[in-house]
Amino acid sequence: MTLEAWILFALVLFCIGLYGVLARRNLIAILIGIELMLNAVSVNILAFNHFLAPDPAVGQIIVLFIIGLAAAEAAIVLSIVLTVYRQRAAIDVQDLKELKG
Amino acid sequence: MIAAGLVMLISVAGAVVAVSVKNIVHAIFGLGIALGGLALAFLLLSTPFVAAMQVLIYIGGITIAMIFAVMLSSTGKHEPGEGARRRVLAGIVSIVFFIAMAWVVVGSDFGPLMELAPEDMESAWSVQAIGRALLNDFNVAFELLSVVLLVAIVGAISIASRHDEGEDPAINEEGGA
Amino acid sequence: MGDLTLFVPEAVVLLGAIVAFVLSVIGSSYRVNWIASVIMAILGVAMSIAWLGAAGEPFFPGIYRVDAFSQLLKVGITTGLFLSVLIAGNPGSVREHSRIDFPMFLFFSAVGMMMMVSATELITLYVALELSAYGLYILAALNKRQREGSEAAAKYVLFGAASSAVTLFGISLIFGVARSTLLSEIIATQPTPLMVIGVLLALSGVLFKLAVFPFHAWAPDTYQGAPHEAVTFIGTASKVAAVGVIARLLFLAIPAHDSLVNALLVLCVASMTVGNLAAIVQNDIKRVLAYSTVAQAGYILIGLVSFSSMGVASAIYYAVIYVPIVFCAFLVVCVLGADGSNPTKSSIAGLYQRSPLLAATLLVGMFGLAGIPPTSGFMGKWFLFSAAIKSDLLWLVLIGAINATVSLYYYLRIIKEAYLTPPADETAIKVSPATAIAAGLGMTLVLVMGIYPRLLWELAEAAAKAIN
Amino acid sequence: MNHQLIALLTVMAPLVAFATVLIGFRSKHTVASSIVLISGLVTLVGAALLLFNGPVDGTVFSARWFVIGDHVIEFGVLLDGRTRMMGAVVALITFCIQIYSLSYMSHDPGRGRFFAFLALFEWSMLLFVFASNLLQMFIFWELVGLASFLLIGFWYEKPSAVAAAKKAFIMTRIGDIGLFIGLILLFQTVGTLDVVRITQIFAGEGLPESIAPGRIELIATLLFIGVIGKSAQFPLHTWLPDAMEGPTPVSALLHSATMVAAGVFLVVRFHELFLDAPGTMRFVLIIATTTALLSSTMAMVARDMKRVLAFSSISQLGFMLMGLAAGSLFAGFFHLTTHAFFKALLFLCAGSYIHKFGTNDMVAMGRAGAAGKMKITTIGLVVGGAALAGIPPLAGFFSKEQIIGSLHGPENLIFRIGAYAAAFLTAYYTFRMVFLILRPGIDSEAIEEEPAGSQHADAHDEDHGPAEPWQIVGPIIALTLGTLGAGFLGNRIGHTLLIEHIHHPALAEMAPAIVIALLGVVLAWLDFGRKGARQVGFIARLPAARTLFENRWFIDTVYKAVFVRLAVGFAKLMFGAETRGFDGGADKLGQGTVAAGSQMAKAHSGRLQFYVGTAFVLVAVLVFYLGLS
């Protein structure tokens, strides 16, 4: 596998994730999409790291940071999802349209 | 080569399931499959430590948390389905973005960069190297990450906390109406 | 390891976060927590000012740089933090049982911002960015009116997460091409198209924070639904930090690429126009301010896309003066919305009869935003436009100036409501001493920096030189 | 005393008064007005000392303000012929009006605030005039606008006053865009903002060679756009008639020595620069002539006395700019000075009548017996009117003669004819006003209906006490004397401006202007003045022209229509989803947008993803663009 192939693979994953973010109505499903996007970035970085990097530890560390941040982000998003659910008894993004000018 | 193809196939298939099935639990399963596939991919990219972390934190942590959230917020009703219009629009946007980026990636020449690639540096791939880097160049980020995790946990608790004492029932009723 | 004393301002703010955390955990009263926070915030401002002239690298080389640039922005950030903490003393729109946590998140977020503007390594930068962002997401969710607060936070966090994924994708491309995350090494790399696109994608996450078109759509909803005190912080300190990071990232790719500048020019014009025109038709004051933020982000971009030392200096200057200006506006929002509701044009009517102090604060804030002398907003625009003309962007200045005139329309309308419309409810508004001090401070800063721009401008020029 | 101290006292006294009153004495009216009057007196004495103890040239007081790149921007007080002369006029007129306001505003509950704003107004104007640096000039130019906004909207209970204040502020700000960009461009071109330096540079020394062709024209045009807004020239003139909503002393101030005069003074100040831009000067001449003619026609049909005066101000400002554009600094500046006297006088007389009779309508004033009851005011009116009409030997005659004289040569023929026409119309409408008030016709048909403009004969302006108390009579007498005498000060003014040769036209040259002015007066007498006149102007017999003039050539209407269209179209295009619940306010602009907005609001639910998607598409477009280049 070439570097291009890996990057294109990452891009495919990223866009599938993007599709999930844009198309899904369930807030948790949107979060799934975001996780896919983040993972696509990880693939990208490790691919660059594998083929190009002079210091392979750096790429791995970036990915570890991404994983850590993703976990933190998921915690916050999920807690917000819970409050949304408490207020509206649903986690449908289409219900989130009360704020408007 | 074949292994890589297979891994990619598994990941993409899992991802497609994750974003398309109606049942949210199934979608999380799809995500789990995709993440597992990616863990294998990381192995192929010669980063076993990251692959292990992926399994531990992502599959073991984040997806489980999602399942908990689903259980806590289950409406008991059927999941809301997406209309065709939404899907088509989302698909178009994703494809446009993909084409734009793929065009750039395919168009760029990685040859010169490859030439600069170093000889095999086995030692640099080791867990020790990661540890060393974390305590040198990345120590600020590493400390900061621990703060981020603290904030996230405290924040999640704070956001999700209810007030059972009923301090201002008026506002609660109004808000919860 | 370098000279760790350079880290004192950040350390003080971090200490403030820890103090607030401990006080919240041991369950002290909000009053105690707030007083401690105010003291720590004052210390933070004092330390930032004391460390203004500092320069060096407190940690391993290349990771984190303390210089005139970062220190000036830190002063802006801590000022925003201090003012936001000060205004959070009154019963506001933060929900009761989370109020005790409120200052802690302000401080944590501020730490993230301060480290953002000093970080010279992409991962450190990114983690700091996320720290500040997470703090803001949490703050946005703590509204008394939970239905609105949760919606605002959900929109904010999802939009934010999507744009931070794009940012990360950009960072991965930069890393791939430059094979390093140190800005000093990235700058030395010959920028390829892939890298320029990486910079563009990486910028999008920061443009999101600054609420630049097309990453602005969260702003109106979040401003409307988040607690007033949180929006005060989002509207002030986070903008300063974002300007700092944009300036840093731009220097990675622009020297070789006009097209990135052109792309930003488009965003700049679109931001100003969209923000101003949409603000005209809003009724909720917080929404007006949100769209005005979008427009102001456009003005700031004028300085950055001028891409000269003076341009960067003017953007920094504007970002810093912007803090007290916006604060003046939000102070009034906080006081009027003390019951948790959002002030609208009708609730602002007759403010002058109900509280001359608040009306004056609003007046100063609005004139500052509109750029009418002798407020600092005018000097800010003068510097921005001068920089643009120096870079032969006369047409951009023309668009900017027309936009400034359009914006006058809605700013004046708020003033008109406050001064010229009879109030529906004539009871005088009680202003607490802390709020009165905050109002006086805000107005003084706006006017002094407008009448005497010299000191700050010299600092901004030094900052722009430092980043070059 | 040295000049530095005098200058400082002169320009700063009003600020001190403003701050003191606003902080401490807003509701102690007597104290407030006394403080402001004292400051006005200090300023007047100071300005007079500066004027007569000359010549002191150059910046007498300056402080380093800030540094931009290598350029030092200084904040200072500049004394030269132009500033000393203008400063004295400002101080004198303002002081007269402050005294007048003592009586005029004596029953207003907010007069403490009023006097504070007057002081602010004076201070801004003085520092604008004395500014040693263009940026400082701009800041005080804006402050003048701000102060006039506060004063026009002073009676905020009146919605029309508030709308007028806003209109004035925004209209002049449109012009300010030009000025602002012009001054930045000027700064980039010549590398300095120092007024003296700029004057020297454009007077012939050291203009950088490398300036792109047309650059100076561009700068001058941009500066002039600011003047168009401030001095109410066509096509931004529409705010000035509406600004009548403010108290009458404010109008007097606004129309004579401050605000509108600021625009003309800017051209005076940078006359050297304008002279270096002949193309722009031609443009100025065209605009100024158009304005002078257009607003004269509007004045011919107005019934509201203040409106007639407002239109005449616009027209006279056009005259001043014509003189300046024809190249004669002296003519323009001379007319600015004399006009300040007689226009302030006319407004004070108008205020006096309005105060007494509670109406702005000239016909109603006449019927109420204005002529008999108020002797001194009536003398003032006649003198001021004659000066405005250009009857020798009053102030207006000489300065107008200078302007017409400056329009010599075949290339200016058309403008010369325009000037004569405008002068004729001026004489006509001025004496229409005089006759309507002084010789009320018994069978006057003019009293068919109350025109809309006179409805707001201010509720505040009621008949209180004696018709002509000293506070009102004093300033009127002073200004009457000024109007009688100012015409003969030409040499003195020329001397102060350091102009060596003033052309004194011979009687033969003056003859056409005198004849034309007298013709105007005679026609007005035939229409309005003679015994048994029907008091219907000849315009009224031309329905088409009358409609056109009464609707002010439909310029306001066109503006409204165009802007509403634009706003609605734009809203439909872009902001459908984001516009709801707007209360419309006074403007149609908003209503159209709301209608368009609420329609679109339904189309975009689930907006979060809509916007995320939009952002991604736009990023993709940018990526394509970057990839292509």
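**Close-up views of an interface and a cavity**

View 1. The contact (heavy atoms within 4.5 Å) draws 84 residues from chain B and 73 residues from chain A. Residues are numbered from 1 along each chain as written, and chains are lettered from A. As the model is predicted, side-chain atom pairs count only at pLDDT 80 or more, whereas interface and lining totals use all residues.

**View 2. The side of chain B that touches chain A.** This side comprises 62 nonpolar, 16 polar and 6 charged residues. Nonpolar here covers Ala, Val, Leu, Ile, Met, Phe, Trp, Tyr, Cys and Pro; Asp, Glu, Lys and Arg are charged, and the others, Gly among them, are polar. Across the interface, 0 salt bridges are found, a salt bridge being a side-chain nitrogen of Lys or Arg within 4 Å of a carboxyl oxygen of Asp or Glu.

**View 3. The largest cavity.** This cavity holds about 130 Å³ of space; a cavity is a set of points on a 1 Å grid over the protein atoms alone where a 1.4 Å probe fits but cannot get out, and lining residues have an atom within 4 Å of a point. Of its 13 lining residues, Gly371(C), Ala404(C), Phe138(D), Arg173(D) and Phe180(D) lie nearest the centre. The lining has 8 nonpolar, 2 polar and 3 charged residues.

Conventions
Predicted model: local features only at pLDDT ≥ 70, side-chain atom pairs only at ≥ 80, totals over all residues. Heavy atoms only, no water. 1 Å grid on protein atoms, 1.4 Å probe; cavity = no way out; pocket = protein on both sides within 12 Å on 5 of 7 lines; lining within 4 Å. Points joined across faces, edges and corners; volume = space filled by probe spheres on them.
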